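I opened this model to look up a few things in turn, and I note below what I found for each.

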Amino acid sequence: MIEIKNLKKHYVSGVLKKTVTKAVDGVDLSVPKGMIYGLTGESGCGKTTLAMSILRLVEPTSGSIIINGREFTRLNGLKLRRLRPKYQIIWQNPESSLNPRMRLADAIMEPLRYFKKCAKNEEKDVLEKYCKMVELSPDLLNRYPHEISGGESQRAVIARILTMEPELLIADEPTSSLDILVQAQILKLLKKIQRELGITLIFISHDLQVIRYMCHQVAVMFKGKIIEKGTCEKIFTNPREKHSMELVENTLGEWRIAT
Ligand SMILES: Nc1ncnc2c1ncn2[C@@H]1O[C@H](COP(=O)(O)OP(=O)(O)OP(=O)(O)O)[C@@H](O)[C@H]1O
Ligand SMILES: [Mg+2]
């Protein structure tokens, strides 16, 4: 479904002296439809930049992204705007995706209303359907984001995204800001939704236990490049690259995600 070829994103920054950061530096990746594909690596290796480049939330410096046979990097204007709702991202911090002055019901319905995809008299049913899907209590729908917990916020964010019926979802450390129990609940929920709806999910985490629980395949990034990829089983039991070995040794301790 997604074919990424030689993708690069180089940031030019600096005030006194220009510096170039090669945040993504020649990534090749192919993600089959309906799969959970993990992306891992140490902080600063370029995971978020790769995610943003794939969705063109930042413009890639060069390279190609083919989604469903279509060259995504070449789309512009109306064609790009039409596709955007189908490709979604969940951020680490749910509060950043919810307007603090909007009640949850309105926040969840906002994109549907914006794209005029739902008649006024259908709104209640739609809300009920998505609350059920993400296991969010309907009692919370008239609250503001600061009146609910982090886990509930992330459920509301997921509900809002699901209303757009996404084909491709990127989750960038979606549970890192949550406590361990809630983290496990949200991971389970994401897994269930992905399976039921057949969404292609790129799942980013620096936590290999989370990757192992969630993903079918995984790619390890290091300094803007993918240094190793394969099934979780292969990478976790027989990593070939020195850096993947270090990651596995350092982060796979005692199993702690209740399955
Ligand atoms: N807008 C920007 N301008 C300049 N450099 C940037 C910009 N955004 C990110 N970078 C740099 O690109 C590199 C990769 O950053 P990125 O946020 O993609 O890493 P990451 O793997 O997601 O890290 P983390 O695990 O901490 O979230 C870092 O060196 C970062 O400083
Ligand atoms: Mg990041």
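Helices here are DSSP runs of H or I with at least four residues and strands are runs of E with at least two, both numbered from the N terminus.

Before going further I noted that this is a predicted model, in which local features need pLDDT of at least 70 and side-chain atom pairs count only at pLDDT 80 or more, while totals for chains, interfaces and linings use all residues. Residues are numbered from 1 along each chain as its sequence is written, and chains are lettered from A and ligands numbered from 1 in the order in which they are written.

I then looked up which residues of α3 are buried (20 or more other C-beta atoms, placed from the backbone, within 10 Å of the residue's own), and found L104, A107, I108 and M109. Their cover includes α4 and α5 (150–162).

For α3 (residues 104–114) and α4 (residues 123–134) I noted a packing angle of about 110°, with the axes 11 Å apart. The axes are lines fitted to C-alpha atoms over the stretch in contact, and angles run from 0 to 180 degrees between N-to-C directions. That makes α3 roughly perpendicular to α4, a term that covers 65 to 115 degrees.

Contact means C-beta atoms, placed from the backbone, within 7 Å; by it A105, I108, M109 and L112 of α3 meet E123, V126, L127 and Y130 of α4. By class, I recorded 7 nonpolar, no polar and 1 charged residues in this contact, where Ala, Val, Leu, Ile, Met, Phe, Trp, Tyr, Cys and Pro count as nonpolar, Asp, Glu, Lys and Arg as charged, and the others, Gly among them, as polar.

**The sheet**

I next traced an open sheet of 6 strands, which has mixed pairing and the order β6-β7-β8-β3-β9-β10; strands pair if DSSP finds at least two bridges between them. Its edge strands, each pairing on one side only, are β6 (87–90) and β10 (225–231). Strand β9 (residues 217–222) runs antiparallel to β10 and is joined to it by 6 bridges, with Q217 opposite T231.

**Ligand 1**

Last, I asked what surrounds ligand 1, and counted 13 residues, the closest being Y11, A23, S43, T48 and T49; a residue is near if its C-beta atom, placed from the backbone, lies within 6 Å. Helix α1 gives the most to this shell, with 3 residues, and the shell divides into 3 nonpolar, 9 polar and 1 charged.

Note on methods. Angles under 35 degrees count as roughly parallel, over 145 as roughly antiparallel, 65 to 115 as roughly perpendicular and the rest as oblique. Two residues are in contact if their C-beta atoms, placed from the backbone, lie within 7 Å. A residue is buried if 20 or more other C-beta atoms lie within 10 Å of its own, exposed if 12 or fewer, and partly exposed in between; C-beta atoms are placed from the backbone.
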